Amino acid sequence: MTEGLTAIFLVAGAGFMLIAALGLLRMPDLLTRMHATTKAGVLGAGLIMVGAAIYIGQLTVVVKAVAVVAFLVLTAPIAAHAIGRAGYFVGVPLWSKTHTDELEGRYDPETHTLESAGKPGQDDVGTGEGGRGRDESGR
Amino acid sequence: MFDYAIFLAYALLSLALVLSFVRLVLGPTLPDRVVALELLASLTVGFIGVAVVATGRSAYLDVAMVLALTAFLAAIAFARYLEKGGHRSDD
C-alpha cells in the first residue's frame, strides 16, 4: 500500500519534471520557457517530496519534506519574477508571435518608471525621451 | 515492482536533466541559461527525493533543502546582476 502510493507519487513527479525540461527545451522564448519550468518543475519536486514523506513515514521526515515543498512553492515565483523582469530589461527578444506587450514603449529601463499612456508628460523623471512609442490617441 | 518504479523515476529525471542541459548549452541569452540552471537545481532536488526512497536515508532531505535555498539565492543574484548592468549580450 505504502509502496504503491510512493511509486505513484515518484513516477508522477518525475514525469512532471520531464515535462518541465521538455518545455524548457521546446518553448520559443524566455518567458514561455519560464512558464514551463517554474510550474511543472515545482509540482514535480513537490510530488517527489510527498512520495518520500509517505515512504519513510516518520514525523521528522514529513516535516522536512513539507519544509522543502513550502520553500520551493514560496521561492519559485519570486525567482521567476526576478529573472523575467531582468530578462525583459536586458532586452531578451520576445517570441515573434507575441500578441500583447503592454510595457512596450512605456517603460524606462534606466529610471524604472512607468509612463501612463493616458496622460503623457506627467512624470518629470523620464526626461528627454518623449514620444518613444507613446500612444497619442489615448487622450 | 517497487524497484521498477524507482528505476523509472530515475530514468525520467535523467532524461529531464539531459534536456535541460541541452538548453543550458544552447540557450541563446544569459537569462535562458539562468532558467535552465534553476531547473537543473530543482531536478536535483527531485533526484535527492528519489534517492531518499531508494536508500532509506532520510538525512538526504537536508541536502535537498539547502540545495533549494542556494538555487533560489543564485537565481536572485543572477537577476540582480543582469538588472544592475552586468554583461548584457551573451556572445
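Helices (H or I, at least four residues) and strands (E, at least two) are DSSP runs, numbered from the N terminus. This is a predicted model, in which local features need pLDDT of at least 70 and side-chain atom pairs count only at pLDDT 80 or more, while totals for chains, interfaces and linings use all residues. Residues are numbered from 1 along each chain as its sequence is written, and chains are lettered from A and ligands numbered from 1 in the order in which they are written.

**Select chain A.** Its elements run α-α-α-β-β from the N terminus on, that is, 3 helices and 2 strands. Of the 139 residues of chain A, 38% count as buried; a residue is buried if 20 or more other C-beta atoms lie within 10 Å of its own, exposed if 12 or fewer, and partly exposed in between, with C-beta atoms placed from the backbone.

**Colour chain A by pLDDT.** This score is the predictor's confidence in each residue, from 0 to 100. Chain A averages 81, and 82% of its residues score at least 70. Among its elements, helix H1 (residues 2-26) of chain A has the highest mean pLDDT, 93, whereas strand S1 (residues 107-108) of chain A has the lowest, 74. Next, select residues 123-139 of chain A, where the pLDDT is below 50; beyond near neighbours in sequence, this stretch has 21 contacts in the model. Two residues are in contact if their C-beta atoms, placed from the backbone, lie within 7 Å. Where pLDDT is low, the predicted coordinates should not be read in detail.

**Select chain B.** Along the sequence, chain B follows the pattern α-α-α, with 3 helices and 0 strands. Its C-alpha atoms fill a box of roughly 50 × 25 × 10 Å, taken along the principal axes. Of the 91 residues of chain B, 44% count as buried. Among contacts in chain B between residues at least 6 apart in sequence, 47% join residues at least 24 apart.

**Show both chains and select their contact.**
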